[in-house]
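User: I would like to learn how to read the features of a protein model. Can you take me through one, step by step?

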Amino acid sequence: HDIIAEYARLATDGEGTITARVAATGRLLGAQVNRVATAGTPVLVVTVPDLGRTPFGAEEEAASPGRAALLTRLTAAFNTAMRLEIINDGRMIGLVDAFDLFGAMVKFPGNYGLTNATQPACLATAALPDCTTATLATNSDGATANVVTYLWADKLHFGVTGHRYLGLVAVSRA
């Protein structure tokens, strides 16, 4: 949400400024993770999935070409700054790379049992957590979206299969 908030300031602040603020926020998160870890509590931290590859990113790209790539750059700036800040020695902090995981899921959906990695399963009118089987979108062929085979629940949040794979990686890191 920090990245989306900065992205919303693009028109007034410009890419360089918002990128710097996104990176600063990533460094702050890294510093906070380090504080918790050095206090003796093991930490599991997850990178931000590529916002340029979300349904939100696709919608922004359709409205203004180049915006998906900008969202990808902002996500990478945040993740890189956070990763450079954390003590990533594998002892105190476990790192889950959601950026690469979800990139692969979008690029090769069939490898993950997905049939749709670009559109949300929930109707735009059914904001999470109010999406139910009665508020699922309809495919281009007229069939109701399948929450298990759609990567995205809404424009920014992944669905059950995304959570499943993220959880599997998290467990292996833990």
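Predicted model: local features only at pLDDT ≥ 70, side-chain atom pairs only at ≥ 80, totals over all residues.

User: Start with the fold. How many helices and strands does the protein chain have?

Analyst: The protein chain has six helices and four strands. Along the sequence they follow the pattern α-α-β-α-α-β-α-β-β-α.

User: How compact is the protein chain for 174 residues?

Analyst: Compare the radius of gyration with the globule rule. The rule gives 16 Å for 174 residues, and the chain has 17 Å, so the chain is as compact as a globular protein of that length. The C-alpha trace spans about 55 × 40 × 30 Å along its principal axes.

User: What share of the residues is buried?

Analyst: Buried means under 20% relative accessible area. By that cut-off, 41% of the 174 residues are buried.

User: And what share of the contacts joins residues at least 24 apart?

Analyst: The count takes contacts between residues at least 6 apart in sequence. Of these, 68% join residues at least 24 apart.

User: Now the strands. How do side chains sit in a regular strand?

Analyst: In a regular strand, side chains alternate between the two faces of the sheet.

User: Which faces of E2 are covered?

Analyst: Both faces of E2 are covered. Ile 93 and Leu 95 are buried on one side, and Gly 94 and Val 96 are buried on the other.

User: In what sense do E1 and E2 pair?

Analyst: E1 pairs with E2, residues 93-96, in the parallel sense, over four bridges. Follow the partners: Leu 44 has Gly 94 as its bridge partner in E2, and Val 45 has Leu 95.

User: Which residues line the second largest pocket?

Analyst: This pocket holds about 160 Å³ of space. Among its lining residues are Pro 42, Val 43, Leu 44, Ile 93, Gly 94, Leu 95 and Arg 173. E1 and E2 each supply at least two lining residues, and E2 gives the most, with three. The lining divides into seven nonpolar, two polar and two charged residues.

User: Finish with a single residue. Where does Arg 27 lie?

Analyst: Arg 27 lies in helix H2, residues 10-38. Arg 27 has 40%, so it is partly exposed.

User: Which residues does Arg 27 touch?

Analyst: Leave out residues up to four places away in sequence. Arg 27 then touches Ala 20, Ala 81, Met 82 and Glu 85. As for distance, the C-alpha atoms of Arg 27 and Thr 149 are 35 Å apart. Along the chain, 122 residues separate Arg 27 and Thr 149.

Definitions and conventions
Residues numbered from 1 in each chain as written. Heavy atoms only, no water. Pairing = 2+ DSSP bridges. 1 Å grid on protein atoms, 1.4 Å probe; cavity = no way out; pocket = protein on both sides within 12 Å on 5 of 7 lines; lining within 4 Å. Points joined across faces, edges and corners; volume = space filled by probe spheres on them. Nonpolar A, V, L, I, M, F, W, Y, C, P; charged D, E, K, R; others polar. Rg over C-alpha atoms; globule rule 2.2 N^0.38 Å. Buried < 20%, exposed > 50% of the residue type's maximum accessible area, 1.4 Å probe, protein only. Contact = heavy atoms within 4.5 Å.
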